Structures are given as structure tokens and as C-alpha cells.
Amino acid sequence: MAKTSGAYTCTECGWQASKWVGRCGECQQWGTVVERAREGASLAKTTRAAQPMAGREARPITELSGDTVRHRSTGIGELDRVLGGGVVPGAAILFSGEPGVGKSTLLLDTAARAAARGERILYASGEESTGQIRMRAERTGAMHDTLYLASETDLATVLGHIEAVDPALVIIDSVQTMASDQIDGSAGGPSQVREVAAALIRVAKGRGTPVILVGHVTKDGSVAGPRLLEHLVDVVCHFEGDRQTSLRFLRTLKNRFGPTDEVGCFEMTGEGIREVPDPSGLFLSRAPAPVSGTCATVAMEGRRALPVEVQALVAKSATPNPRRVTSGVDPARVAMILAVLERRVGARLHDQDVYVSTVGGVKLGEPAADLAIALAVLSAVTDRPLPHDLAAFGEISLAGEIRPVASGAQRAQEATRLGYARLIDAAAETLDQARKTAGM
């Protein structure tokens, strides 16, 4: 008789295979395929009903009080904006981002501000020693008696620290470095990450203590580990920024207690990380007089309207194939806009090198920047500078029409607040009419 082999299944999506493979064929996750028990090796078990513990019986929702789960400010306005007003007691927050972007610095500052109010804070790190964390705390001014540090990678020891300190906030840096001796596998593996996250979330819910988990990211920017990790937590935040600039953005990918379209702005400095409540001037040039090839637009980052300056340079090409170089804008959209300008407006660009960039390293991915890019290129071609008080936003179609964009009223309000008296938007209807309105 043929030997019966055990089946293998993916712990993430349930995909089954007749032999072990390193990568799931369905969800494409690595290290999640494990061997199931052999058929007939064990009997199915049924979970019996149990009596609820005293004080935890099911009650009508109208009899429950929500005063104990209100948002509590972290002391950092931009972080409160992203979280929906602050940290909710008992919340589990996953904090992800590229290495070196400033996650630990921001969370240490958050812990220090809470400790300055007299609250006990536990900062447990599996990546740094307590001496290294103290060095950073001295540099950023985060020295407080109620801020407790622990350098641990064992889950049971971390839980013991929580019992001993009884903190008002727990920060785990990071969840991929913690491991439980009750689970097979090395730290960072899918099973270990699930167990560590589940145990810390149980502590958060049972004690009403918010827990912030720092998570590593993969090469494509997603959170490392099983997808279940993002489902278990209440809030998923992503900290991002270009290493060439000091600006950082904090976004929420999931938030059970607030909006998911808010963006927080921060700036990395020598003394730590600083919030930027009004980043209006970060993406505008400081030229004293108007310069050809520049046009201001208003971009939306979440619910926040940010003025951004688009710059263009057009020069005679020395090669048969003119160059199209972009920075901070979508190259495919720039190529489309150049084709529309040449076909609908008559701009001569087929033998010109075109360079398009944004100021401050900001990335414009929305179609609302089309009109500003087009006017900047036209200004560079004609060598006629646009007025300093002119701003433009709108989507350009292949027919040369200007289409309205989302949050148009908010963009116009922000442009007016910043002193842009002349505004070109979808009211111009066509690109040619917008060119005439701009004086070109």
C-alpha cells in the first residue's frame, strides 16, 4: 500500500498542498505553509459553552458608558490629528515605516510628553540597549523619572515588566524582535508575530492600556509578517519620508476610532523630530521676483490642502530623442500633458528637452496638478513668468478640456488664505482659455 502523507495548509489563507513548499501558492506569503495532523490521528473537539465571568456579562449598549474610552491627547498635535484626537485607552496601534525614517524618535518623544504629565510609560525595545535609548533621550530632551526603559526580546519578560510598572502607555519596538518560548520558530516568523501581537493586544484590552507596536516593512513598503497582524490591531499608521529631505508624513491606513484620510507633517532636526502644523511654505520657492517656468498649485494630502510649486525647464535638445525628466510628478501624466500642449495649444515641444520638478521633494500623484504642470511648461517655452499671486489646479483631458477635481472649494479657500488673488481652475473650461487667462 502507498504510504499516506500528511497534508500541508497555509496558516494565512487556508491554501492546501500535498507537499511542503516555502511560499504559499495563493497569498504568496513565505513560511506560512505547515503540516496538518494526519487524518484520523485525532478526533474533532467541540468547544463547550462557559459561564461569563462576573462583571463581563453581555449588557444592552444603552447601559454602557463611553466616558472611559475617549481620546486622550498625546501632546503632539500632528499625531493627534492622524489618530483622530489622541490615543484611546486599550487601543492597539501598529506603527510602520522604512528603516531610519524616525519611528523610534517620534515614539520616544510621545513617551516623554506623556511622562512629563506624570504618567508611567514603558518603552520596551528589542533592537536597542537601554544605554542607546538614553543617549537619544538626552539629545531630544526626553529625560523623565516616570519613563521606564527595558531592553527585552522575550515576550514573557515584557509582560512581567507591564505587571510591575503598571504603565499608562506601552511602546514595543519592535514586534518582529519579540518571541515567545511557547511557540516554535524564530523571532519575526509568522507564528511568533501572531502570538506576540495577540498577547500584547489581550493585555491592552484587559488592562485598558494603549499599546503601540512598531512594525518592520518589506521592500514593497507593506508591513512585514502575516496579514493577520493588521487585522488584529485597531490602528495602522505608516511613517514615510524621503531620506534626501527632512520632511516626514504620518498617515493612517486603518483607524477604528477616527478618520483614515488625515496626514501629519513632521520635520527631522538635530534635536529630534518636530511637528509642522502649517507646512504651507515648505513647497514654495523663495524667488524675490517672478521666474518663468514656475506655477503654484494646491494639492490635497488627506484632508489637508498644501500649496506646491511646480517648476519646468525647456531647452533645445541636442539629441534626436528629446529628454523628458521628472521629479515628484508622474512621468506618464507629464508625457500626456506635453502631447496635449503640442496638439491643442500649438506649443513646439517635439524637439525640446523638458524637465519638470516640484519644490521641497513633495510627490504629486493626483490629476489636479495637470493644469499647473501645463502652465509651468508654457511659461518656460514662452519665457514669460506667471504672476506670484496666481495658482492653478485642474485635470486636463486629451481634448484639452479642464475638468473639476475633488475638494475644489477647499483648495480655493487655502489658495486665497495664502494670498493667491488669481485662481485658474475648471471655470476656464479649456487649456487654451487658461493660457490666455494667465497672460501667455
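Predicted model: local features only at pLDDT ≥ 70, side-chain atom pairs only at ≥ 80, totals over all residues.
Me: Which residues does UniProt list for "binding site" here?
Reply: The unreviewed UniProt entry lists Gly97, Glu98, Pro99, Gly100, Val101, Gly102, Lys103 and Ser104 under that heading.

Me: Where does glutamate 98 lie?
Reply: Glutamate 98 sits in the loop that runs between β4 (92-97) and α2 (103-116).

Me: And what does glutamate 98 touch, leaving out residues up to four places away in sequence?
Reply: With those neighbours set aside, glutamate 98 is in contact with Lys103, Val217, Thr218, Gly221 and Phe239.

Me: Why does glutamate 98 count as partly exposed?
Reply: Because its relative accessibility is 36%, and the partly exposed class lies between the 20% limit for buried and the 50% limit for exposed.

Me: What about serine 104, buried or exposed?
Reply: Serine 104, which is found in helix α2, is buried, because its relative accessible area is 18% and the cut-off for buried is under 20%. Not counting residues up to four places away in sequence, serine 104 touches Tyr123, Arg136 and Asp173.

Me: Changing topic, how many aromatic pairs are there?
Reply: The count comes to two aromatic pairs. One of them joins phenylalanine 95 and phenylalanine 239 in a tilted arrangement, with 6.1 Å from centre to centre and 50° between the planes. That pair links distant parts of the chain, since phenylalanine 95 belongs to strand β4 and phenylalanine 239 to strand β9 (residues 235-240), 144 residues apart.

Me: Which ring does phenylalanine 239 form an edge-to-face pair with?
Reply: The partner is phenylalanine 266, at 5.9 Å centre to centre and with 75° between the planes. This pair also links distant parts of the chain, with phenylalanine 239 in strand β9 and phenylalanine 266 in strand β11 (residues 263-269), 27 residues apart.

Me: Why do phenylalanine 239 and phenylalanine 266 count as buried?
Reply: Phenylalanine 239 has a relative accessible area of 0%, so it is buried, and phenylalanine 266 counts as buried because its relative accessibility is 1%. Through the ring pairs, Phe95, Phe239 and Phe266 are linked into a cluster.

Me: What lies over the face of phenylalanine 249?
Reply: That is arginine 251, placed at 5.5 Å from the ring centre of phenylalanine 249.

Me: On to helix α3, which of its residues are buried?
Reply: In helix α3 (residues 130-140) the buried residues are Ile133, Arg136 and Ala137. They are on the same side of α3, because the arc that they cover around the axis is only 105°.

Me: Why would residues three or four places apart point the same way?
Reply: An α-helix has 3.6 residues a turn, so residues at that spacing point the same way.

Me: What do the buried residues of α3 pack against?
Reply: They pack against α2, β5 (121-125) and β6 (147-151). Just after α3 comes glycine 141, which takes a positive phi of about 75°.

Definitions and conventions:
Residues numbered from 1 in each chain as written. Heavy atoms only, no water. UniProt positions renumbered as here; feature names shortened; annotations may be inferred. Helix = DSSP H or I, 4+ residues; strand = E, 2+ residues; numbered from the N terminus. Buried < 20%, exposed > 50% of the residue type's maximum accessible area, 1.4 Å probe, protein only. Contact = heavy atoms within 4.5 Å. Phe/Tyr/Trp six-rings, centres within 6.5 Å; stacked < 30°, edge-to-face > 60°. Lys NZ or Arg CZ within 6 Å of the ring centre and 35° of its normal. Arc of directions from axis to C-beta.
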